[in-house]
Amino acid sequence: MDQCVLFLLLLLMARNGLCQQESCSKSLINSCGDCIRSGPYCVWCKQLNFTKAGEQEAARCDTEAQLLARGCKREEIISPKNNISTVKKEPLSKEFNNQEPVQLSPQKISLTLRPGLPTTFSVSFKRVQGYPVDLYYLMDLSYSMKDDLANVKELGKDLFAALSKVTEHAQIGFGAFVDKTVLPYTNTNKEKLQKPCDENDQQCQAAFGYRHVLSLTPKQDEFKKKVTEQFISGNLDSPEGSLDAMMQAAVCRDKIGWRNSSTRLIVLTTDAGFHMAGDGKLAGILEPNDEVCHMENNLYAKSNDMDYPSVGQLAMQLEKNNIQPIFAVTENVKNVYMQLSKLIPKSEVGVLSSDSKNVVELIETAYNSLSSKVTVTHDNLPDNVRVVYTPKCENAGPAVDSKGVCHDVRVGQEISFDVTVTASSCMMDKSFTISPLGIKDTLTVTLSTNCECQCEDPNNHDHSHCNGKGNVTCGICSCSPGYVGQSCECSIGSKDEQALRASCQRQNGTECEGRGDCVCGRCECHTTETGSSYHGDFCECDDEHCEKFLNKLCGGNGKCNCGTCECFPGYEGSACQCTVSEEGCRTPNNSVCYGRGTCKCNRCECKEGYNRPHCETCPSCPDLCQAKLNCIECLGFGSGPLKENCIAVCQKSINHTVVDQFTIQSKQCQQKDTEGCWIKFKLEQLVGEDNYRAEILQQRDCPEPPSVTAIIGGSIVSVALIGIILLMIIKLVLYMKDLKEFRKFENEKKKAKWEKATNPLFQNATTTVENPTFTGE
């Protein structure tokens with residue numbers, strides 16, 4: 001049980017950073033500056049002759065403990081530290097005396113940081129007793145707020161009384177809003193624009209977006225007079241132009257009358273939701289809100305030309321102008337404004353009664369809540385800078401990056417915050433500000449980093465450590481032109497330095513593979529972390545990165561040489577993990593892998609296509625019956641394309657026998673040879689890749705030759721038969737044509753109409769005379 005508790009304590013300590021060890025991750029270290037930039041705990045040893053011959057200068061960069069252990073003197077270690085300089089620190093004010101009070105201290109700090117190394121300073125805050133308050137009352141005057149307006153008109157006395165409990169220097173202003181006066185938000189009929197209320201309401205003012213009624217004033221009577229002059233108005237849809245009104249109230253500083261030194265409050269009272277950016281598209285308003293004051297004659301002049309602001313735009317302007325909103329809303333929209341409050345720092349939400357009678361109590365409660373909560377945060381930070389706030393107060397919030405929070409802070413109570421700043425990269429003269437939300441006081445932090453080493457090197461350019469051919473820079477030789485080497489010992493002569501360095505690169509790669517120094521055109525290899533040396537013409541080899549077996553290099557049964565295991569006698573394998581043996585590779589005929597593979601680690605490694613375990617079969621190889629047909633034909637029957645060189649090509653791979661009956665128990669092949677005869681044979685693969693025994697059936701199945709007489713007779717009969725058929729077809733066509741013509745003639749004949757008459761030109765050869773008096777008797 002005690003061991004478990006101890007283990008949990010160790011975990012918690014590690015999580016809180018109590019067990020963290022200083023370490024230095026080195027990469028591409030060529031100078032003291034590179035070392036300082038590589039990590040917060042990396043230090044540099046400038047001691048001469050600290051590195052051995054051929055050892056890379058990056059060995060000078062490590063943690064202080066490691067360098068001291070390796071013999072570097074403490075005074076020779078370069079380790080820049082963080083520096084905090086307080087530029088301006090005026091004391092906190094005790095009370096307000098009509099002068100600019102100091103509520104945050106210090107006011108200016110200059111930091112010089114080492115990249116990655118955090119530094120912490122303290123910021124104090126104390127809210128001044130009697131600090132002025134500016135309260136701007138922003139009211140929804142849509143028709144649904146008619147009953148509430150009557151109560152607000154009597155509100156001035158109670159509001160001033162409530163603020164007098166906090167300060168003697170209070171001011172109150174008043175503004176009103178409805179919505180944009182365009183469809184579909186407001187009825188654009190001319191009469192309805194002038195009087196958007198019901199016909200029974202005589203006191204109704206024209207539709208408007210936002211109107212500034214009264215600038216901030218300490219006069220109670222003036223507030224009452226201006227508010228009494230206000231009447232209800234109206235619109236069509238439920239959401240109102242609340243954000244439009246709040247944006248103008250925030251940015252129109254001179255119009256509203258915000259004082260330089262005051263707690264600024266906007267009290268928004270409404271019973272409806274709000275339009276936001278993008279809703280203006282319903283009315284064809286596409287121009288985004290520009291966050292600029294557009295007040296003319298106390299009216300928002302760009303209401304119908306510019307879209308509603310987004311919640312982000314409004315939150316930014318409220319924070320920029322140190323304004324804290326109080327949303328006094330009815331129960332039906334409470335959840336909507338609760339969600340809005342989460343997006344706007346230093347804001348509160350209170351629920352109005354149905355007739356707004358509790359608004360003074362609500363404002364007083366919200367103000368106490370806002371003033372008792374102190375939130376310290378920053379504006380836009382420079383890139384790669386992190387700030388963490390740790391509150392030092394009775395009711396402190398958690399230590400987080402974005403802000404520090406203290407709750408239930410009384411007026412006149414001094415609290416503080418520890419601010420931890422970390423810069424992860426090099427930068428010069430960057431700045432940011434820290435301030436309490438809703439308070440004008442700020443702390444300006446100027447930030448620079450210390451990324452270079454101040455080594456106080458000698459000025460002579462012929463230092464003896466560099467063989468009189470260069471000067472020393474933080475313990476490293478900077479050679480004069482024409483000389484190279486760790487101690488400038490090499491003269492490059494007629495060659496240029498680039499050509500010498502190119503000879504130290506393998507296939508135009510990294511110089512000496514990054515594992516050595518190029519000295520006079522040859523690589524001088526460094527030592528590895530374990531003390532052995534890199535080797536090879538380009539320092540490409542080391543003897544520490546071979547394959548392991550059972551977590552042992554080369555299985556403990558071999559020696560690593562340039563990344564490859566060289567096994568001791570009796571061992572084999574890529575990691576020397578196997579004893580030399582062929583027992584598992586032996587076949588029933590006592591061969592090793594049937595001669596079609598090699599035995600490694602007591603297993604057959606077959607040639608391409610052959611299957612384990614013994615490389616006996618090759619499913620992916622070409623069909624043997626077709627592949628060996630030409631050899632079988634020439635060996636068995638002396639014919640085919642290989643008959644001229646049959647012995648040279650086929651006899652070495654096929655041992656054949658011509659038989660009357662097969663004895664080999666294998667697949668029978670039946671193939672047609674070049675003479676059209678069917679050859680039957682069987683093949684048996686022997687030991688080896690291309691070694692076969694063949695049995696060829698002596699009798700071939702050859703087809704009988706065709707009968708010439710039958711062919712000729714058949715041809716004659718066929719020709720005669722075809723001629724007769726053609727004649728019959730022609731005769732049939734002619735008959736059908738004649739029949740068609742005869743039928744046509746018959747039809748025409750039936751249609752003819754004949755008439756009996758005498759030819760008037762005809763003269764009969766005989767004359768007949770009749771007696772007219774003859775009676776026939």
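Reader: Thanks! Let me start with the link of Cys525 and Cys539: is it left-handed or right-handed?

Author: That link is left-handed, with -95 degrees about the S-S bond. Keep in mind that this is a predicted model.

Reader: How many disulfides does a search of the whole structure find?

Author: The search finds 26 disulfides. One of them is formed by Cys45 and Cys72, with sulfur atoms 2.1 Å apart.

Reader: Which parts of the chain does the pair of Cys45 and Cys72 link?

Author: Distant parts, 27 residues apart. Cys45 sits in strand β1 (residues 43-45), and Cys72 sits in the loop between α3 (64-69) and β3 (77-78). The link of Cys45 and Cys72 is right-handed, with 100 degrees about the S-S bond.

Reader: Why does Cys72 count as buried?

Author: Cys72 counts as buried because its relative accessible area is 3%. Cys45 is buried as well, at 0% relative accessibility.

Reader: I also spotted Cys618 and Cys621. What is the S to S distance there?

Author: A disulfide joins Cys618 to Cys621, with 1.7 Å from S to S. This link is right-handed, with 80 degrees about the S-S bond.

Reader: Is Cys618 buried or exposed?

Author: Cys618 is buried, with a relative accessible area of 19%. Cys621 counts as partly exposed, at 31% relative accessibility.

Reader: Changing topic: which residues make the nonpolar surface patch?

Author: The patch is made by Leu721, Ile722, Ile725, Leu726, Ile729 and Val733, and has an area of about 560 Å².

Reader: Where is Ile725 placed?

Author: Ile725 is in helix α17, which covers residues 708-751.

Reader: Last one: why does Ile725 count as partly exposed?

Author: Ile725 counts as partly exposed because its relative accessibility is 42%, and partly exposed lies between the cut-offs of under 20% for buried and over 50% for exposed.

Note on methods
Residues numbered from 1 in each chain as written. Predicted model: local features only at pLDDT ≥ 70, side-chain atom pairs only at ≥ 80, totals over all residues. Heavy atoms only, no water. Patch = residues over 30% accessible without salt bridge, like charges linked within 9 Å, V, L, I, M, F, W, Y side chains within 5 Å. Areas by Shrake-Rupley, 256 points an atom, 1.4 Å probe, with all protein chains shown as cover. Salt bridge = Lys/Arg side-chain N within 4 Å of Asp/Glu carboxyl O. Helix = DSSP H or I, 4+ residues; strand = E, 2+ residues; numbered from the N terminus. Buried < 20%, exposed > 50% of the residue type's maximum accessible area, 1.4 Å probe, protein only. Disulfide = S-S within 2.5 Å.
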